[in-house]
Each structure stands twice: as C-alpha cells, then as structure tokens.
Amino acid sequence: MTGQVAPPPMTEDSVPRFARGTRLQFDRVRETWFIQAPERAFLADAIAVEVLQLVDGTRTLGGLIDTLAAKFDAPRPVITQDVLTLVNDLATRQVLVHA
C-alpha cells in the first residue's frame, strides 16, 4: 500500500489541467503524439490527442465535450463517456489534475 489517496473523480463541471512538468508533445521524428511526464511517457492515441489538445486549465470538461461533439457530429453521451473515462484514468496516473 502506497498511502496515496485517489484524486476526486472528474465530472463535467471539473476544469482539468496538466500536472506540473507534464505536457502533450508531438514527436516529429516518429510522427506521433505522446504525454511527457517526469521520468515517464505515454503514447497518446488519436482520441486522447483530440481531448488533450483542448485541456487548457480554464475550460470545463462539459465545454470540452460540447466542442468535441460538435466537431465530430457525434452523440454527446458517447463523447461524455469516452472523455470522462480518459481524463479520470489520466488523473489516476497524475497526468491531469483539477485546476
């Protein structure tokens, strides 16, 4: 047991931001996006990239979801489920935090 407490879950009212020292970055040599964090890196798939490019520390997840639903002409409930699953997973990995 590590003694760490899980972050509160992110909801549509949450305003996510990248944790200190963490960012989304494009690798021009490999032509791929990844999340760079202290002493670790994660490959970002196309869906994660679309979501994370909108994370600016001021926009709520609800606003971000609305933007994605309009951009992809997709059902909002489907986008909501995908976004909340992604951001909560990244919050658990200490990539995203509440602003």
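Okay, let's start with overall dimensions: for 99 residues, a compact globule would have a radius of gyration near 13 Å, and this chain has 14 Å, which agrees. That radius is taken over C-alpha atoms, and the globule rule is 2.2 Å times the number of residues to the power 0.38.

Before I go on, some housekeeping. This is a predicted model, so local features need pLDDT of at least 70 and side-chain atom pairs count only at pLDDT 80 or more, while totals for chains, interfaces and linings use all residues. Residues are numbered from 1 along each chain as its sequence is written, and side-chain values use heavy atoms, with hydrogens and water left out.

We've got 3 helices and 5 strands, and reading along the sequence the pattern is β-β-β-β-α-α-α-β. Those are DSSP runs numbered from the N terminus: H or I with at least four residues for helices, E with at least two for strands. Along its principal axes, the C-alpha trace spans about 40 × 40 × 25 Å.

On to surface and burial. The chain exposes about 6500 Å², and carbon and sulfur atoms supply 54% of that; the areas are Shrake-Rupley with a 1.4 Å probe, and for residues only the protein chains shown count as cover. Of the 99 residues, 34% count as buried. Buried here is under 20% relative accessible area, exposed is over 50%, and partly exposed is in between (1.4 Å probe, protein chains only). As for contacts, meaning heavy atoms within 4.5 Å, take the ones between residues at least 6 apart in sequence: 55% of them join residues at least 24 apart.

So what's in the middle? In soluble globular proteins, nonpolar side chains tend to be buried together. Here, the largest nonpolar core has 25 residues, and Ile 35, Leu 52, Val 83 and Leu 96 have the most contacts inside it. By nonpolar core I mean a set of buried Ala, Val, Leu, Ile, Met, Phe, Trp, Tyr and Cys residues joined through side-chain atoms within 4.5 Å. The elements giving two or more residues to this core are H1 (46-52), H2 (61-72) and H3 (76-92), with H3 supplying the largest share, 6 residues.

Let's zoom in on Leu 96. Leaving out residues up to four places away in sequence, Leu 96 touches Met 10, Arg 17, Phe 18, Ala 19, Leu 52, Val 55, Val 87, Leu 90 and Ala 91.

Next, Ile 65, over in H2. With a relative accessible area of 0%, Ile 65 is buried. Beyond four places in sequence, Ile 65 touches Glu 12, Arg 76, Ile 79, Thr 80 and Val 83. Val 78 is 13 residues from Ile 65 along the chain, and their C-alpha atoms are separated by 9.7 Å.

Ser 14 sits in the segment before strand E1 (16-18). Is Ser 14 buried or exposed? At 8% relative accessible area, Ser 14 counts as buried. Its side chain reaches the backbone nitrogen of Thr 11 at 2.9 Å. Again skipping residues up to four places away, Ser 14 touches Pro 9, Arg 59, Thr 60, Leu 61 and His 98.

Glu 31, in the loop between E2 (23-27) and E3 (32-37), has a positive phi near 50° without being a glycine. Glu 31 is exposed, at 63% relative accessibility. Asp 73, in the loop between H2 and H3, has a positive phi of about 45° and isn't a glycine. Asp 73 counts as exposed because its relative accessible area is 71%.

Methods
Polar contact = N/O pair within 3.5 Å; in protein donor to acceptor, adjacent residues only side chain to side chain.
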